[in-house]
Amino acid sequence: MSQEIGVGARGRTLTFYGKLLDLIVIALIFVMLLTLLGALAGLAYDFAVAVSTLREAAVVQGLTHIHGLVEDLGQGLVIDVLSTFVLIELFRTFTDYLEFHRLRLRVLAEVGIVFVLREMFIGLYAHRMDSTELLAIAALLAVLVAARVAAVQFPPRHNET
């Protein structure tokens, strides 16, 4: 009898833990959604400012002197767009956890790939990445891609009882 009570209490505790964890993940998803909306609004604002700045520069300086300005504004917009993609992948990770109640290696590898590609593109676009750093990032990217391929090729087996 006392063993049945212990099993019931354990089951209730695990159920409570699962529901609490779901509530925390839902709160994180809400925060991520607000962050994603903020990032999109910031991207739209930065784009509008860039267009306005280019228009003013074209009127004041003429079209021949705005190449550096276009490069600077373009770099900021590229960083914003790539950061938004990272946020989208993180958002997908949280929603995936809520659906499956586990973190899947495939999804985590995809988040890592997007983040590493973001850093690589930013470094290359800014011309501040040397060959050693580029090779190290390429190796990290290869490992993440291999992990993603392995996760797809060898999915976990579920014990069916």
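**Salt bridges and a nonpolar surface patch**

D96 and R104 are both buried. They pair in a salt bridge, with the closest N and O atoms 2.8 Å apart. The model is predicted. The count of salt bridges comes to six. Side chains of opposite charge can pair when their charged atoms come close.

**The R92–E89 pair**

- R92 forms a salt bridge with E89, and the closest N and O atoms are 3.0 Å apart.
- Both residues, R92 and E89, sit in helix 2 (residues 67–100).
- They are three residues apart, about one turn of the helix.
- R92 counts as partly exposed because its relative accessibility is 32%, between the 20% and 50% cut-offs.
- E89 has a relative accessible area of 16%, so the residue falls under the 20% limit for buried.

- E119 and R118 meet through their side chains in a salt bridge, at 2.3 Å from N to O.
- E119 is partly exposed, with a relative accessible area of 28%.
- R118 counts as buried, because its relative accessibility is 15%.
- A network of salt bridges with shared partners joins E89, R92, R106, E110 and R148.

**Nonpolar patch**

- F16, L20, L23, I24, I26 and L28 make up a nonpolar patch on the surface.
- Together these residues have about 570 Å² of accessible area.
- L28, one of the patch residues, lies in helix 1 (residues 2–61).
- L28 is partly exposed, at 36% relative accessible area, so this residue passes the patch cut-off of over 30%.

Conventions:
Residues numbered from 1 in each chain as written. Predicted model: local features only at pLDDT ≥ 70, side-chain atom pairs only at ≥ 80, totals over all residues. Heavy atoms only, no water. Patch = residues over 30% accessible without salt bridge, like charges linked within 9 Å, V, L, I, M, F, W, Y side chains within 5 Å. Areas by Shrake-Rupley, 256 points an atom, 1.4 Å probe, with all protein chains shown as cover. Salt bridge = Lys/Arg side-chain N within 4 Å of Asp/Glu carboxyl O. Helix = DSSP H or I, 4+ residues; strand = E, 2+ residues; numbered from the N terminus. Buried < 20%, exposed > 50% of the residue type's maximum accessible area, 1.4 Å probe, protein only.
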